[in-house]
Amino acid sequence: MGAEGPKAQVMDERDMERTLTRIAHEIVEANGGSGSVAMVGIVRRGSEIAELLADEIESIEGTRPPVGSLDISFYRDDVARSIQPVLHATDIPFAVDGRDIVLVDDVLYTGRTIRSALDAIMDFGRPKTVQLAVVVDRGHRELPIRADYVGKNVPSSSEEDVRVCLGRTDGRMAVEIWEGKEA
Amino acid sequence: MLIRGARAIDPARGLDATVDVLIDGKRIAMVAEGIEAEGHEAIDGAGKVLVPGLVDMHVHFRDPGYEYKEDISTGVRAAAKGGFSDVATMPNTDPVTDTGTSVRYQIDRGIEEGKTRVRPIGALTRGEKGEALAEIGDMTLAGAVGFSDDGHGVQSAGMMRTCMAYVSQFDRVVIAHSEVETLTKNGVVNEGRASTRLGMFGWPALGEELEIMRDIELCRLTGCPLHVAHISTARSLELVRQAKADGLPVTCEVTPHHLFLTEEDITDAYQTNLKMNPPLRTPDDAEALIEGLVDGSIDCVVTDHAPHAKHEKDCEFEIAAFGTIGLETSLPLMLTNLVRPNRLSWRRLVEAMALTPRKILRLPEVGIFEGSVADLTLIDPEASFTVDRDYLESKSQNSAFMGAHLTGRPMELFVSGRHVLSAGEVVA
Amino acid sequence: MALSVKHLLDTTSLTADDITQILDTGRSFAEVNSRAIKKVPALRGRTIVNLFLEPSTRTRSSFELAEKRLSADSLNMGGSTSSVVKGESLADTIQTISAMNVDMFVCRASLAGTPHLITENTDAVVINAGDGKHQHPTQAMLDLYTIREHFGRLDGLKVAIVGDLSHSRVAGSLVPALKTMGATPILVGPPTFQVADPAFWGVEQTADLDAVIPEVDVVYLLRVQLERMEGAAIPSKREYNRLYGVDERRRRLMRPGSIICHPGPMNRGMEIMHEVADSPQAKVLDQVTAGVATRMAAMYLLLGGESDAY
C-alpha cells in the first residue's frame, strides 16, 4: 500500500532544517555549552539525525560533539516476535562516563525503543545525564518516557505510519504520514 | 480345495496357462481345464497367478536366544504373509545352531506351528567362532539344509578350506557371508559417497569382493558347492559370473533392499532401518544386480529378514543394529519394481523365488503337476497396499520399506495342502 | 528475516544468505564482546541445555560464554550415547529434558546424526556442536568469520585443508560452507587420511602439501588425533611433521598476505611448529575470539527466528 504515496506531509525540508537548528540551540542552552555533550543516535535514522545535530552544534559552538551510534536489536523485548538482520553494529567511540548523553531518534512512539536504548547505553558506563531528542513525537506511549527535545508533536492514529525521511537514507528530507502500520 | 481359473506358471514343466488345480490332502490331485469338483471348496483364481510355493533361503528367526526380536511362531506368520512355503533360517541364534539337537528344535517348532516350513541352516564352525568345525554331519542327519557362519565371514582362509572340504562329503552347500573384517572394521555405510557425506566409517566394496575371490578359489580346490550370500556390488556379480563360466558349482543370491535401495536413500535423517550388512551400495551396483537377476547370473532372491526391536533401531545410526525385515515385502517389491514394468519375466521370478532355492538347498522338487506336494502361492498382481504396521506380521517393525505403496501381493498359500494364507491374511 | 533453517545441524543446509547473516550478526556481537560490560539481554529468560555426550572443554566453554553474554539461562549436562547396557536411550534423555521446557539444545556427540535424532524427540531448537566425524557447523562459522575479517571477503579465496580429512567433522562442515560462499577448498593429506569421495564435495585432494602451499590464501591445519592414529594411519608424529607439518620453511612458501588457521588444540611439533604457531600469520586466537561471537549470532538468530511460536 506504500506505492500510492503519503497521506500527508507534516514537515518539508526547510521545516526540518529549522527544527534541527532549534533543537541544537536548545541542547547547547540546556547543557550550558557543548563541552560535556555527546550524541548517540539509534540506528538507523537516529544516527543520521545525530550527525546533523552535531553539525549544527559545531556551527554554533565551534566544536563538534562526539557522535556514536547504537543498535538496540539485542536489547529489544520483542526478539521472539520480530527479528531483523543485524547489520548496523553499535559504535560508540568515546567513554560515556560523566558525559551528558543525548540519545537521538527519529520518531518517539511507544517508548520501548528508548527503554532498550537506555539499557544499552548503561552497559557502556555511567553517564552524568541521558537526554532524549526526537524529530517527531506521535504519542501513544506505553512506558513512562518523555523527550527533552521535540521537533514537532504529530498526533496520529495507531493505524497510521509516521515517517521521517532523511537525505542519506531516503534521498529527501520530510516528515510524512502514511496509511497503514509500519512495514 | 479347487483353485479355479488362475494363470498357473511352473517353468520346470513349461507350464504357463489358465487352468484349474485341485488339491486333495497333501498333494495336487489334478491340473486341468474345467475341473468339476463337487463338494470341494473353491477359490476363484481369475486374474491371479498361481506359482509353486515361494522359498526364502536366508532369514533370521532369532529363536532361540533373541525371542524379543522374533521367534519361530511370529517368524512363520511373517513368512506365510509373504507367500513362502519354506524358509531357511540362519544359525546365528543363542546358542548358535551348531548341533543336530538345535537343528531338530527349529524343525519341530516349525511343525508345531503348522504354517511355513522351517529349514535350518547349521553353523560351519562351533559357535560361529571360526575356530573349530561344528558337527556338520550330525546336523545334516538332523535335517540341516546348508551350512553358514552368516553374520560374519569365516575370516581364516585355512579354516574356510577345512569347512568346505568337510562339507563336500555331504550333498550340501556352503553359504558364505563374504566380509573381510579387517577391511570393514567399524564400517556402517558404503565407503565412498555415503561415508563422505554422512561422516561415518565406510564398508568398502572390496571387503566383500576380496572374500568372494578367496571362496571361489576354495570352491575350485575343494569341489564343495558355494553359495554367495546377499551379493551387493557389480564386481561381486562379475566374480560369480566368471566362476559359473569356469564350470564351478557357485551360486548367489540378492536381497530386495540391495536391488531397490541405494546409499543415496540414506539422508541426513540417518534412517537406521537403512543400515545393512553388507551396506546399501551405489545406484550403478543396484542396476547391475537387477541385470544379473534378469539374465540368471543371480540365482535367487532372499530377504535376509533381520528383525530388531525398536530400541535397537531408535538410536544413533552408528550403534544401531544392522538389517531390515523383509519376508512380507519381498514378493510385492519384486512385482512392483520389476515384473509390472516388464523388466523381469514371471518365469524368472518363479525360478528365483521358488524353484532355484529348492535346488540349492537340496529340497524335494515341488511344482504344479499331478502328484506334487501341494505347496502353492496364489498371487493377486493388481492388489495395491501400503506397507504399515498392520500389514506386517513380524514381531519387529524394522522395515526399510515402511510406508511404501506396492502393487501385487500373495493372497493364498498352501503348504502340503494346508491353507495357511487366505485372502491375504494368515490363517490362525 | 530469520535463517532458512530451524536448527543448525550442518552447513550443507545453509544458504549463502544464512551464512552471511550469521557472520554479519557475529560482527555486532564481536562489538559487544569488546565492551567493558560484555552482556546483552537478547535471550533473557530462554533456557539452553548444553548436552555434551563427549567431553570438550573448549567448545563447551565457548558456548557457555556465548549463552551468558546473551543473558540466557543455561544448564550443562554430560551423558552417554544410546546404550541398552547403560540403560536410558538418548531419546528418553531428550524427552526427559524437554519436559522441563527448554528452548535450545547444544549437542556434542561422538556419533554422527545424533543432533538430528534429538530434533525428533523435542520441539526445542538444536545446535550441533560436533557430531562424530560428520559436522561441526559453528566451527565452520567461526572459521569463515576469521577468514572474512582478514580478507574482507570469502568469494574467490583458495583454502588448503590439511590433515586427517576422513575423520574430521571440521572438514565436513568447512568444505561445504566454503563452497557455498564461493571459495575453493583443496584437501591435503596422506592417502590414509583422505576422504573416500572428494568428488561428492566437488574438491581436489592431494598428498603434495608443498605444491599447494604457494597457491592458497589460507592454510587450514586440522588436528591429528595422534593417540588414535599412530601406527594405524600414519607411522609417527615425527614423520607426519616432516611430511605435513607447517614449519618456517613451509611458512615462507606461503603467499604474501596469506594466513594459517587451526581449530585447536594445536599439536605443536606435529601439524604446526612453534615459530609458525606464534607468528602473526597464525589466526588461531582470532578464531577462538570469533567462536564466541558467531555462536552468539547463531543462537540469537535461531531463537529469535521462532517468530510465532508463542
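Two residues are in contact here if their C-beta atoms, placed from the backbone, lie within 7 Å. The model is predicted.

**Helices α1 and α13 of chain C**
- Residues 16–33 of chain C form helix α1, which packs against helix α13, residues 284–304 of chain C, at an angle of about 120 degrees. The two axes are 7 Å apart.
- Angles of 65 to 115 degrees count as roughly perpendicular and those over 145 as roughly antiparallel, so α1(C) is oblique to α13(C).
- The crossing of α1(C) past α13(C) is right-handed.
- On the α1(C) side, the residues that meet α13(C) include Gln21(C), Ile22(C), Phe29(C) and Asn33(C). Their counterparts in α13(C) include Ala290(C), Met296(C), Tyr300(C) and Leu301(C).
- This contact of α1(C) with α13(C) has 11 nonpolar residues, five polar ones and no charged ones.

**Contact of chain C with chain B**
- Chain C gives 23 residues to the contact, and chain B gives 20 residues.
- On the chain C side, α3 (90–98), α4 (114–119) and α6 (169–180) each supply at least two residues.
- The largest share of that side, three residues, comes from α4(C).
- By class, the side of chain C that touches chain B holds nine nonpolar, 10 polar and four charged residues.

**Strands of chain B**
- Strand β5 (residues 49–52) of chain B pairs with strand β16 (residues 376–386) of chain B in the antiparallel sense, over four bridges. Within this chain, Pro52(B) has Leu376(B) in β16(B) as its bridge partner.
- β16(B) also pairs in the antiparallel sense with strand β17 (residues 405–415) of chain B, over eight bridges. Thr407(B) in β17(B) stands opposite Ser384(B).

Conventions:
Residues are numbered from 1 along each chain as its sequence is written. Chains are lettered from A and ligands numbered from 1 in the order in which they are written. This is a predicted model: local features need pLDDT of at least 70, side-chain atom pairs count only at pLDDT 80 or more; totals for chains, interfaces and linings use all residues. Ala, Val, Leu, Ile, Met, Phe, Trp, Tyr, Cys and Pro count as nonpolar, Asp, Glu, Lys and Arg as charged, and the others, Gly among them, as polar. Axes are lines fitted to C-alpha atoms, for helices over the stretch in contact, and angles run from 0 to 180 degrees between N-to-C directions. Angles under 35 degrees count as roughly parallel, over 145 as roughly antiparallel, 65 to 115 as roughly perpendicular and the rest as oblique. A crossing is left-handed if the near helix is turned anticlockwise from the far one by less than a right angle, and right-handed if clockwise. Two strands pair if DSSP finds at least two bridges between them.
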